[in-house]
Amino acid sequence: MGMMIKKFNFFLLSLVLFAELSHAATIYLGVDVLEQSGFRVISGKRVGLLTHPAGLNRQGISTIDVLRRASNIQLVALFGPEHGIYGDEKANVPVDDKIDSRTGLPVYSLYGKYRKPTPKMLLGLDALIIDLQDVGVRSYTFVSCMRYAMEACFENGVEVVILDRPNPLGGLKVDGPPLDKEWRSYVGAFHVPYVHGLTIAELARLAKATQGWMDVPDAVRKKGKLTVVPMRGWSRSMLWTKTGLRWIPTSPYIPDLSAVLGYAMTGLGAQEGEFSHGIGTPYPFRLLRYKGKSPPEVKAALKSKQIPGLRYHIIDTHTNSGVKISGVYVSVSNWTKVRPTELSFHMMQIAAEWSSNNPFIKSKNSNLFNKHVGSTNWWNEISLRGAKARVNFFVDRWSKEALDFQNQSKRFWIYR
């Protein structure tokens with residue numbers, strides 16, 4: 001009987017998976033829509049492509065190969081963001097220009113000597129195609145790379161063509177502090193809430209239309225040509241798990257969907273103090289530990305904050321190098337109630353409480369911290385008040401500001 005039940009359950013699971021995959025078959029990425037149109041918007045043009053390993057069509061074929069086999073365009077150059085076009089470069093490590101051994105095309109690194117394409121790199125191009133998978137969080141360098149590339153193209157009369165992709169966190173959740181103008185940098189290129197709820201093409205549309213969001217003269221910004229190839233079948237309510245698409249690691253620390261959500265939840269919380277958030281374990285950005293504190297102590301401290309929508313589980317695991325460890329795994333029990341960044345700010349408060357000296361006062365990386373978080377007011381709060389920082393006050397205020405941003409940005413939505 002037990003075997004029959006197992007087989008029946010497997011049969012039901014198979015039906016569910018089949019139904020999800022069948023639904024997913026209606027989702028076409030920007031690259032798919034471009035190909036189905038016969039490459040109409042770039043027909044007859046010499047193009048470059050800015051992409052990475054997640055730049056695949058829905059059948060798993062690289063956008064590089066999709067463009068190379070098109071008979072009515074000429075792909076003449078590749079551009080790589082952080083981690084390179086094949087994702088095999090380490091984080092925060094400069095990448096050199098090279099000739100791609102697979103295609104013979106020049107690969108210009110936009111995470112090495114230059115962050116912005118030079119006029120020489122763009123020489124002879126009619127259009128630069130951008131196909132980058134984002135994670136829906138402000139401090140992720142691919143959207144910064146997109147902005148810099150747009151600026152260079154607008155300055156040099158090259159059209160920008162963006163092949164849109166899903167926001168893996170969906171298009172309805174917005175959360176976290178907005179970016180103060182003084183902290184705009186390569187780890188925070190747009191003045192959006194930390195979780196912004198936009199696709200990469202919607203971000204591009206917003207940036208091009210908004211004064212002060214790009215470092216080019218207004219006349220250049222307005223004259224620049226931006227073409228978006230939207231997806232078909234994606235809706236704002238879809239988290240990545242509802243798309244049926246396979247997740248391709250966008251960077252070494254974001255190998256799966258668990259890490260995507262974890263990055264939004266804990267990415268800011270372990271920058272100062274003795275918290276670690278699972279880097280170097282099978283659970284990046286999900287496994288919390290604190291030096292000198294036991295997992296039960298960490299779990300109790302987190303539970304005491306009563307953060308809606310989250311649960312905590314003590315688990316035993318190994319580091320990627322094989323060392324046995326225990327930690328507190330953060331899971332989501334109710335996505336509707338979760339404010340993704342809330343946990344990080346409580347982590348900061350706990351770190352200030354557990355440290356013999358407030359780690360934010362003695363920080364040597366305050367500029368980098370603020371470039372990620374984006375809020376001078378929060379820096380003043382946590383560095384001056386430490387364990388008494390008013391986390392709930394700030395989180396509530398940011399929630400209202402994020403919703404205001406969402407209402408203002410709706411006119412740039414592509415998907416309703």
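How many bridges join strand 10 to strand 11, and which way do the two strands run? I began my notebook with that one. I counted nine bridges between strand 10 (residues 310-318) and strand 11 (residues 324-332), and the two run antiparallel. A reminder to myself before going on: this is a predicted model.

**Entry: the hairpin**

Then I checked the turn. The hairpin of strand 10 and strand 11 has five residues between the strands, and Gly-322 takes a positive phi near 100° there.

**Entry: the sheet around the hairpin**

Four strands form an open sheet in the order 8-9-11-10, with antiparallel pairing. Strand 8 (275-276) and strand 10 stand at the edges with a single partner strand each, so one side of each has no neighbour in the sheet.

What lies across this sheet? I found helix 8 (residues 257-266) across strand 9 (287-290), strand 10 and strand 11. Helix 8 runs at about 85° to strand 11.

**Entry: helix 8**

Is helix 8 enclosed or open to the outside? I went through its accessibility: eight of its 10 residues are buried, so helix 8 is largely enclosed by the rest of the structure. The buried ones are Ala-259, Val-260, Leu-261, Gly-262, Tyr-263, Ala-264, Met-265 and Thr-266. I then asked what they pack against, and got strand 9, strand 10, strand 11 and helix 10.

**Entry: Gln-349 in helix 10**

Gln-349 is found in helix 10, which covers residues 342-354. Is Gln-349 buried or exposed? Its relative accessible area is 10%, and because buried means under 20%, Gln-349 counts as buried.

Next I listed what Gln-349 touches, leaving aside neighbours within four places in sequence. The contacts are Lys-305, Ile-382, Gly-386, Ala-387, Lys-388, Ala-389 and Val-391. I also took one distance: the C-alpha atoms of Gln-349 and Gly-386 are separated by 6.3 Å, although the two residues are 37 apart along the chain.

I zoomed in on one pair here. Strand 1 (residues 46-51) and strand 5 (residues 127-131) run parallel and are joined by five bridges. Gly-48 stands opposite Leu-128 in strand 5.

Which helices did I find on this sheet?

**Entry: cysteines**

How many disulfides does the whole structure hold? My search came back with zero. Cys-145 has the sulfur of Cys-153 as its nearest cysteine sulfur, and that is 11 Å away. A disulfide needs the two sulfurs within 2.5 Å, so I could rule this pair out. From the other end, Cys-153 is likewise in no disulfide, with Cys-145 as its nearest cysteine partner in that search. I looked at accessibility too: Cys-145 is buried at 0%, and Cys-153 is buried at 0%.

**Entry: the whole chain**

I finished with totals. The secondary structure comes to 13 helices and 11 strands. The radius of gyration is 22 Å, close to the 22 Å that the globule rule gives for 416 residues, so the chain is as compact as a globular protein of that length. Along the principal axes, the C-alpha atoms fill a box of roughly 65 × 65 × 40 Å.

Of the 416 residues, 55% count as buried. I also checked how far contacts reach: among those between residues at least 6 apart in sequence, 72% join residues at least 24 apart.

**Entry: confidence**

Where should I be careful? The chain averages a pLDDT of 92, and 93% of the residues score at least 70. Over residues 1-25, however, the pLDDT is below 50, and this stretch has seven contacts in the model beyond near neighbours in sequence. Where pLDDT is low, predicted coordinates should not be read in detail.

Methods. Residues are numbered from 1 along each chain as its sequence is written. This is a predicted model: local features need pLDDT of at least 70, side-chain atom pairs count only at pLDDT 80 or more; totals for chains, interfaces and linings use all residues. Side-chain values use heavy atoms; hydrogens and water are left out. Buried means under 20% relative accessible area, exposed over 50%, partly exposed in between (1.4 Å probe, protein chains only). pLDDT is the predictor's confidence in each residue, from 0 to 100. Contact means heavy atoms within 4.5 Å. Two strands pair if DSSP finds at least two bridges between them. Axes are lines fitted to C-alpha atoms, for helices over the stretch in contact, and angles run from 0 to 180 degrees between N-to-C directions. The radius of gyration is taken over C-alpha atoms; the globule rule is 2.2 Å times the number of residues to the power 0.38.
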